[in-house]
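Trainee: I am new to this structure. Please take one part and go through it closely, with some background on the rest.

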Amino acid sequence: MVNVLAMAAVAAAAVALLYLVHRYTAVAAAPLRAGPFLSGHRPAQHAVSRFHVRWYVLTLLFLAFDVEMLFMYPWALVVARVGTSSVVEMFGFLGVLMAGVVYAWREGALRWS
Amino acid sequence: MTAAPVWSVLPAAALVLAYASGAAVLDGLLDPADRDRGAGVRAGRPLWETARLLRQRRRSTVTPDALLWRAGAAGPLVVALLMAVVVPMGGRAVADPVVGVVWFNALDVALWLLVWSAGWGANGVYALVGGYRYLAQALAYELPLMFALTGPAVAAGSLRMSEVVAAQHGLWFVVWMPVAFGVFLGAVAGFSLWGPFGYPAGRDVAGGVLAEPSGVDRLVLLAGRYALLAAGAAMASALFLGGPAGPVLPGWLWSALKTALVLAALVAVRRRMPVLRADRVMRLAWLVVLPLTLAQLLVVAVIAVVVGG
Amino acid sequence: MVLSNRLAGWAARRPHALLVEVPGATAVRWVAEAELARAGAVAADSAADADLLVVAGAPGAELTAVVDEVWAQMPGPRARIWIAEPGAAAGAVAQALASLIGPGQAADAGRRRDAWAAGPATPDGGGSAEDGDEGDGMQMPGGLMMADRAPDRDGLQLDVLSVPLGPVLADWPAGLVVDVQVQGDVVQRAQWRLLGPAQPSGPASDGADADPGRGPGGRAASRLGALARLLGVAGWPAAAVQARRLRDAAWSGAPAAPVRTGLRRLDRRLRRSRALRWSTDGLGVLTPDEARSQGFPRWDAAGADTARTGHDATARWRGWLTEADALLAGEGAGRGAAEGDGAGHDAGREDDASVARARLDAAVRLMAGLDLAAARVVMASLDPHCGALAGAARRPEGTTSA
């Protein structure tokens, strides 16, 4: 744990060092404020907006599997000990989820353009 | 196994950055655009680029979300170094927690937030699109990656990296988990925005998440990308290629050689194909790669039960 | 001081150049690209990425304003060059590189703090306030409005952004602006306009130098140049480099045999790439009549694959490969003569203003409903020659659909 924190500190120090060096090597230390690149035009609106993600259905499908990973890692530790029943149960569960994937595919959730 | 001393984070971090620089050198050597220039000029590419970006001024845009933007730029480098903490390089890792595999997984998911932030924070359309592209792409590779990570864990009966490596004495996992190995490498390219997975930084959207940062902001983001590749390659050699196992040569050298080889393969693949757009590969990922990875996991689990029981 | 000189020298080994092509200055761009590659420069994707701003041709007032905006956005060190004719490229590039290293950069940076405030007011910064009731008295952050809202294809009210694509955009037709309305990254509506050169000139009046489409070698080069751009948009820089090299070789009048050998290698590589097919299949489908009237070759439309997918982007890049090889083999002249019946395309057609206009109209029509990546593939695969339009009346024209 201490070592992980130490690495985080090293990483932060490395980034900070680069920024410090940059203050002296750059043609100007202060950043230039400019409009976002828009092919040479000036924007009339803020780009940050409620972005229409057309793959939102897919995120739900992903979430189902992602929650399943909570079981997956503990399961990985006991497969050999518990034996056949653990494999049958887990892959039965995964089979149900895959059925969901097939259903979502048939409903067109995997293609959005 | 005893805990590594705290100072070991320094050589570990240096090693990751050395691999990252090596990857950048190799990328310069392989670039057909520079074919006519001397090998020295091509190999020096990371030096020229670093000098250029250290000299270049930083930018800020109109009302950026500065915190998220800067965090997104520096984040990938920090994540790569934190990933490397659990990777046994040269026989021993900096830290060897019981959940080493999950640690790696958690950090690669943290990248979702960071790269998205790098796109969102700049308040520019192209960057914004790039950030969301990263999420769409992650939906394709993340699940196969998780199941690919589970394979070695099941075979070793442990999530601790040292035990996963130790379990490969006699037979490397790549031999009986080739699918998981391939999926893992693809996912490393995926979370590093590399080559065919460069969709979030696409030239068609003026560089996507790379459209706005300049100077040192851009430098840490690009360095982070190479460092992620390096950390991923080191992880692949430990998870699937037996880590330090090998004849004659000392273990640390085997680790280094395997990592370098995987990294070189990842760098080389960049020239081989165009960018894979998320909307086009999504069906492939969910209907072919995911079931294949699950089948791989089933094979591993059955073998683990037979051998263990 | 020594350190900063060393850094500047290293940095100059690999400058990043953003190229702006003025309609009708294709030849200048090609020469500039080759010259920049020789100097070790790489193509930049955006203003933030660029050290050099290279303007190929003589831009008109609107295009000059756009160039100025990009110039103001570049972080520095920066250098800008205007290359009006092919012969001037080498000297201009050398001069720009010297100025990048030179001592003037710190002074230039010191003079600039806020390029946003220093620039002109936003085009409709005040105008778009009218659709918000409280818009009048309210100070919007940064002087910018928030996104508008409009129904999407499912009838939901969603944020919509107005985004001008081009003219300064990698692998994008010269001087072209496509004003798109996007929800997320999906194009809802698109409309094109052209920012022209300083002196509108007919497509034929510039002399052979400025019009690379002349002669079989030049026409082959034109196909290969279009291919290089499509590959750039598809995110395959290594293959794009290959195509650009062949373009320059074909154009320079080098012996056809080695060029054709290289072309065969590229041809094999592209046709074998399933990933490239994924990227271009089924995009921008034209009817056979449309394809013919827009100057696309007929023989490819008759191919077995295109019978399935129609005349899509894949059919067009394959057509370019086939055509370029035929032109280099010396079949171009014969084919041109045989096409007097109007069955295929003839050599000059794509440089007709009407053909360029038809391609642009088709492009904006086909872009609607696609995401930006696919929309850009459509535009690149149609390869409208904006130079042909530069002489004609420059009135905005476009189609819209949801």
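Mentor: Chain A holds three helices and one strand. Here helices (H or I, at least four residues) and strands (E, at least two) are DSSP runs, numbered from the N terminus. The order from the N terminus is α-β-α-α. This is a predicted model: local features need pLDDT of at least 70, side-chain atom pairs count only at pLDDT 80 or more, and totals for chains, interfaces and linings use all residues. Residues are numbered from 1 along each chain as its sequence is written, chains are lettered from A and ligands numbered from 1 in the order in which they are written, and side-chain values use heavy atoms, without hydrogens and water.

Of the 113 residues in chain A, 52% are buried. Buried means under 20% relative accessible area, exposed over 50%, and partly exposed in between (1.4 Å probe, protein chains only). Among the chain A contacts with a separation of 6 or more, 56% link residues 24 or more positions apart. A contact means heavy atoms within 4.5 Å. The accessible surface of chain A is about 5,400 Å², and 70% of that belongs to carbon and sulfur atoms. Such areas come from the Shrake-Rupley method with a 1.4 Å probe; for residues, only the protein chains shown count as cover.

Chain B has twelve helices and one strand. Its elements run α-α-α-β-α-α-α-α-α-α-α-α-α from the N terminus. Here 65% of the 309 residues are buried. Residues 24 or more positions apart supply 77% of the chain B contacts with a separation of 6 or more. Chain B exposes about 9,300 Å², with 74% from carbon and sulfur atoms. The mean pLDDT of chain B is 91, and 98% of the residues score at least 70. pLDDT is the predictor's confidence in each residue, from 0 to 100.

One residue in chain B deserves a glance. Ala206(B) has a phi near 55°, positive although the residue is not glycine. Ala206(B) sits in the loop between α9 and α10 (215-239) of chain B. At 0% relative accessibility, Ala206(B) counts as buried.

Which strands flank β3(C)? The open sheet has the order β2-β1-β3-β4 in chain C, with parallel pairing. The edges are β2 (42-43) and β4 of chain C; each has a single partner strand, so one side of each is left without a neighbour in the sheet. Two strands pair if DSSP finds at least two bridges between them. Strand β1(C), residues 16-21, joins β3(C) by five bridges. Val20(C) stands opposite Val55(C) there. With β4(C), residues 79-83, β3(C) also pairs over five bridges, in the parallel sense. Leu52(C) has Ala79(C) as its bridge partner in β4(C). From β3(C) the chain crosses through helix α3(C), residues 61-73, to β4(C), and this β-α-β crossover is right-handed. Right-handed means that, with the strands pointing away from the viewer, the path from the first strand over the helix to the second runs clockwise. Leu53(C) has its bridge partner in Arg80(C) of β4(C).

Helix α3(C) lies across β1, β3 and β4 of chain C, at about 155° to β4(C). Axes are lines fitted to C-alpha atoms, for helices over the stretch in contact, and angles run from 0 to 180 degrees between N-to-C directions. The loop between α3 and β4 of chain C holds Pro77(C). The peptide bond from Gly76(C) to Pro77(C) is cis, with omega near 5°.

Chain C has another open sheet, of four strands in the order β5-β6-β7-β8, paired antiparallel. Neighbouring strands of this sheet are turned by 35° against each other on average, direction ignored. In the loop between β6 and β7 of chain C lies Pro167(C). A cis peptide bond joins Gly166(C) to Pro167(C), with omega about 5°.
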